[in-house]
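Please study the sequence and the three-dimensional structure shown below before reading on.

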Amino acid sequence: MSRRSPETVSELWQPKFRFGPDTRIATAGSCFAQHISRYLRARNAAVVDLEPAPHGLSAANAVKYGYGIYSARYGNIYTVRHLLQLIQEATGRFAPSDAVWERDGRFFDAMRIGVEPAGLPSAEAVQRHRVQHLTRVRRLFARSDVFVFTLGLTEAWTHRESGTVYPTAPGTIAGSYQPDVHAFRNFDFLEVYQDFVKFRRLAMKRNPELKFLLTVSPVPLAATASDQHVLVATTYSKSVLRAVAGKLAEVFENVDYFPSFDLLSSASTRGAFHSDDARQITEPGVEAVMRIFFEAQPALAQASVPAIPGGPAGEPDKSRTPGAPADEVVCEDILLDAFSR
């Protein structure tokens, strides 16, 4: 590796199962998962989208309101516990607590806080929207062949009594933080592993043939609520998630791991794939890992490829400022920068 250009690394992945042009691929996870979804769509892969944007909505507004980012309009799912609770809720096994947050007379779904940036006029409207959303989530697991999930964080804010996990801290985007109601959690290896095993079991009840492809987000934490330095907290979180993903792929035949994290976090890249703020991944970095992905999936690699946003298909955009992050992703934790000043 010391003698290889990071853009030319290959053969990192020997996939357990092959994607075909008609393989129905569902996507979910943390912010970095949005890049994977973007490249799959550009390759004309059969990406599942059960909550498409309304007709006539511009592309920019579609993204703003959470359409077309993932296979359903659930926004970013940073922790496996959140993913588990989503399928439990969709199948009638769980009801989240403190699930509607308010800000300036507008109401928000605390489980997917970013999909309605201006909120809705009432708590009842939020609940109606969520019922519709959960119907689509149930269909997603029943109709997909492969579920691609990016593990992002071990840290989460929760409801003390019920254990409900939120994608962002109460009081940042909406709602209010109440120390007697909300609590910080930092999940360990066993908790994350067991949560995914439970999730896998429930998903396979809907679809016994479903396969799972895991990745780990290489994006470091913007901040931590632990008592550790953010660098130490990031190392802990990513180490746990990488170990869990590897163990799941080792134990279960229908679970695979794609090593995007391994390449993008390697010292051998010498920081070439990180933006100037050292937090985001640049477009050449995203291109490098997706090249490895498509090399290992020849049926998708042979598909016709329209231009990837940011540059011609298969090439980074040379007009970009060096060190600039890849195309913008919708990511709640970026907002933490504003709240930490």
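The model is predicted. The protein chain contains 10 helices and 9 strands, and 52% of its 341 residues are buried. Of the contacts between residues at least 6 apart in sequence, 73% join residues at least 24 apart. The accessible surface of the chain is about 15,100 Å², with 53% belonging to carbon and sulfur atoms.

Helix H5 spans residues 189–206. Its 18 residues reach 26 Å from the first C-alpha to the last, close to the expected 26 Å. At the start of H5, a side-chain oxygen of Asp188 comes to within 3.2 Å of the backbone nitrogen of Leu190. The buried residues of H5 include Val192, Phe196 and Asp195. The buried residues of this helix pack against helices H3, H4 and H6 and against strands S4, S8 and S9.

Asp195 also forms a salt bridge with Arg81, with the closest N and O atoms 2.6 Å apart. Because Asp195 lies in H5 and Arg81 in H3, the pair ties together parts that are 114 residues apart in sequence. Both Asp195 and Arg81 are buried.

The structure holds 11 salt bridges. Another of them joins Glu116 and Arg73 at 2.7 Å, N to O. Glu116 belongs to the loop between S3 and H4, and Arg73 to the loop between H2 and H3, so this pair links parts 43 residues apart in sequence. Glu116 is buried at 17% relative accessible area, and Arg73 is buried at 5%.

Within helix H8, Arg291 and Glu295 lie 4 residues apart, about one turn of the helix, and their side chains meet in a salt bridge.

Key:
Residues are numbered from 1 along each chain as its sequence is written. This is a predicted model: local features need pLDDT of at least 70, side-chain atom pairs count only at pLDDT 80 or more; totals for chains, interfaces and linings use all residues. Side-chain values use heavy atoms; hydrogens and water are left out. Helices (H or I, at least four residues) and strands (E, at least two) are DSSP runs, numbered from the N terminus. The expected span of a helix is 1.5 Å times one less than its number of residues. Buried means under 20% relative accessible area, exposed over 50%, partly exposed in between (1.4 Å probe, protein chains only). Contact means heavy atoms within 4.5 Å. A polar contact is a pair of N or O atoms within 3.5 Å; within protein, one must be able to donate a hydrogen and the other to accept it, and residues adjacent in sequence count only if both atoms are side-chain atoms. Accessible areas come from the Shrake-Rupley method with a 1.4 Å probe; for residues, only the protein chains shown count as cover. A salt bridge is a side-chain nitrogen of Lys or Arg within 4 Å of a carboxyl oxygen of Asp or Glu.
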